[in-house]
Amino acid sequence: MKKILFVASEGLPFIKTGGLADVIGSLPKALKDEGFDVSVVMPLYLKTAKSVHHTLKKEKTFNVEVGIIRTIATIYSKDVDGITYYLVEHAPYFERDGYYGYGDDGERFAFFQHAVLRMIEEKIVIPDVIHSHDWHAGLISLLAKTTYAKRIKTPLTLFTIHNLLFQGNFPASILDSCVGLPMSYYHEGQLRFKDGISFMKAGILYSDIVTTVSKTYANEILTPEFGEKMEYILSLRRDDLFGIVNGIDVDSWDPKTDTHLSSNYDLKTVTKGKKANKLAIQKELGLREDPDVMLVSMVSRLTDQKGVNLLLQAMGDIMGWEIQLVVLGTGDAHIENDLKAIEFRYPRRAVFYCGYNEALAHRIYAGSDILLMPSAFEPCGISQLIAMRYGTLPLVRETGGLKDTVIPYNQFTKEGTGFTFYPMNVNDFKHVLWLALETFTYRMDDFKTLRKSAMTKDVSWQKSAKEYAEIINMRLK
Ligand code: ADP
Ligand code: GLC
């Protein structure tokens with residue numbers, strides 16, 4: 001059985017800040033079903049240390065010595081559903097209140113990646129394939145082919161871009177101080193990017209296969225509009241670049257068994273189930289309890305990517321309509337501040353829950369009629385997949401994975417799994433939200449048909465895991 005090692009900065013069931021963690025928590029299981037032996041490695045953060053340290057198995061402690069990094073790493077492990085999770089412990093780097101955004105992120109994640117390769121060298125795991133994710137693991141393929149080439153069995157390397165906006169760009173001096181590669185990688189241009197070096201660029205250039213999380217995003221990032229200045233670098237890898245859409249863990253996201261809900265429901269009981277969950281969330285959040293009002297929600301990181309500005313600009317108009325609004329999210333201070341005002345302006349009709357809350361997210365997905373994702377760009381998006389599974393119709397901008405996963409409502413054929421618009425402007429956004437409200441108010445039968453189509457849409461990993469397996473098996477031969 002071929003062994004795949006996932007390398008990522010976050011993942012369920014340990015920590016999650018966004019969709020990357022959903023993927024790391026669910027794709028390994030789907031690849032296991034395709035006949036691979038899959039394990040995952042990530043840093044051991046403070047939250048994990050506090051909550052589950054006593055349940056971890058200690059594997060080994062070893063030195064990590066590169067540049068100014070002269071220290072030790074300890075590897076712990078835990079088996080969950082047939083997948084082995086390895087956790088890299090180094091308290092000064094990782095046991096902090098947050099996960100990212102520190103001044104020494106370059107050093108922290110250079111250390112992490114060296115620790116992963118040292119772990120392989122120490123034979124804790126001997127992978128045939130290393131599947132690295134985003135910039136935090138962008139150096140792995142290059143280091144495996146250079147520094148560690150003679151010390152480990154040559155793996156097939158796969159790199160997945162989850163979000164090209166976050167690139168891991170650092171001053172060139174980090175090559176010497178923490179990466180342990182010659183300055184020529186900067187001077188000769190291989191890793192040079194914006195006057196420094198980029199971990200993301202390393203992943204793109206030096207991995208055998210590069211993937212991203214939807215077909216549309218794979219095409220978009222080859223253009224200046226979405227390429228984040230890496231479009232040329234990506235075009236060099238065009239032949240090895242694949243778009244494979246994400247799925248979700250349909251067992252943990254299932255309205256029929258979800259333990260966070262007060263009323264469970266399935267396709268047969270969806271109308272009653274949604275109303276019961278709507279009343280419950282209205283009560284929980286202090287909204288006027290009314291099962292017949294259209295409840296619109298957003299569960300999101302609050303950054304410019306997510307198009308919250310369209311919602312804020314539209315607010316004055318749309319709150320004059322017969323709708324209620326719930327936003328659950330955390331992120332940029334200016335967006336949080338703007339959203340904080342909505343509760344005062346629209347009491348009992350709009351709520352902003354500022355923070356991260358997994359259980360509440362489940363209840364919002366279940367109780368809402370519409371989930372907003374008017375993203376400026378969206379590599380894939382997980383929230384719209386969850387929404388559809390819960391019979392909540394996503395209202396999305398036609399970009400990246402949103403375009404690939406949400407079928408727009410067709411008033412004539414009654415086809416569709418949600419509502420979509422394209423131009424990034426407030427009038428188009430309001431127009432499509434109005435269409436959703438009109439459908440909800442005057443054509444409830446259509447709305448129910450869409451709901452059923454959304455709930456029966458395949459959002460599992462099955463098909464996509466097969467695509468990964470096919471690409472991997474082809475290159476392993
Ligand atoms: P991204 O990874 O860009 O943030 P995705 O749509 O891929 O966007 O994934 C977001 C994931 O994070 C979903 O599982 C969503 O439910 C969850 N999420 C986002 N914000 C919150 C929050 N404030 N509380 C709980 N879950 C959240
Ligand atoms: C990133 C993207 C999101 C994607 C997720 C998982 O966070 O912003 O679109 O769904 O990664 O791949």
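1. Domain bounds here come from an automatic or database domain assignment. On that basis the chain of this predicted model is divided into domain 1, covering 3-247 + 462-476, and domain 2, covering 270-456.

2. The C-alpha centres of the two domains are 33 Å apart. To the contact between them, domain 1 contributes 19 residues and domain 2 contributes 16 residues. The area buried between domain 1 and domain 2 comes to about 1,400 Å². Carbon and sulfur atoms give 59% of that area.

3. On the polar side of the interface, seven residue pairs are found in polar contact across domain 1 and domain 2, with both residues of each pair at pLDDT 80 or more. Two elements give two or more residues to the side of domain 1 that touches domain 2: helix 1 (19-33) and helix 9 (215-220). Helix 9 gives the most, with four residues. By class, this side of domain 1 has seven nonpolar, eight polar and four charged residues.

4. The salt-bridge count between the two domains is one. Among the salt bridges of the model is that of lysine 16 with glutamate 358, where the closest N and O atoms are 3.8 Å apart. The cut-off is within 4 Å between a side-chain nitrogen of Lys or Arg and a carboxyl oxygen of Asp or Glu, so the pair at 3.8 Å is counted.

5. Ligand 1 is surrounded by 21 residues, and the closest are Gly19, Asp22, Arg301, Lys306 and Tyr365. For aspartate 22, a polar side-chain atom lies 2.8 Å from an oxygen atom of the ligand. Backbone atoms take part as well: a polar backbone atom of isoleucine 382 is 2.8 Å from an oxygen atom of ligand 1, and one of serine 383 is 3.1 Å from an oxygen atom of ligand 1.

6. Around ligand 2 there are 14 residues, of which His162, Asn246, Glu378, Cys380 and Gly381 come nearest. For glutamate 378 a polar side-chain atom lies at 2.5 Å, for asparagine 246 a polar side-chain atom lies at 2.8 Å, and for glutamine 305 an N or O atom of the side chain is at 3.2 Å.

Notes: Residues are numbered from 1 along each chain as its sequence is written. Chains are lettered from A and ligands numbered from 1 in the order in which they are written. This is a predicted model: local features need pLDDT of at least 70, side-chain atom pairs count only at pLDDT 80 or more; totals for chains, interfaces and linings use all residues. Side-chain values use heavy atoms; hydrogens and water are left out. Contact means heavy atoms within 4.5 Å. Buried area is the accessible area (1.4 Å probe) that two parts lose on being put together, summed over both. A polar contact is a pair of N or O atoms within 3.5 Å; within protein, one must be able to donate a hydrogen and the other to accept it, and residues adjacent in sequence count only if both atoms are side-chain atoms. Ala, Val, Leu, Ile, Met, Phe, Trp, Tyr, Cys and Pro count as nonpolar, Asp, Glu, Lys and Arg as charged, and the others, Gly among them, as polar. A residue is near a molecule or strand if one of its heavy atoms lies within 4 Å of it.
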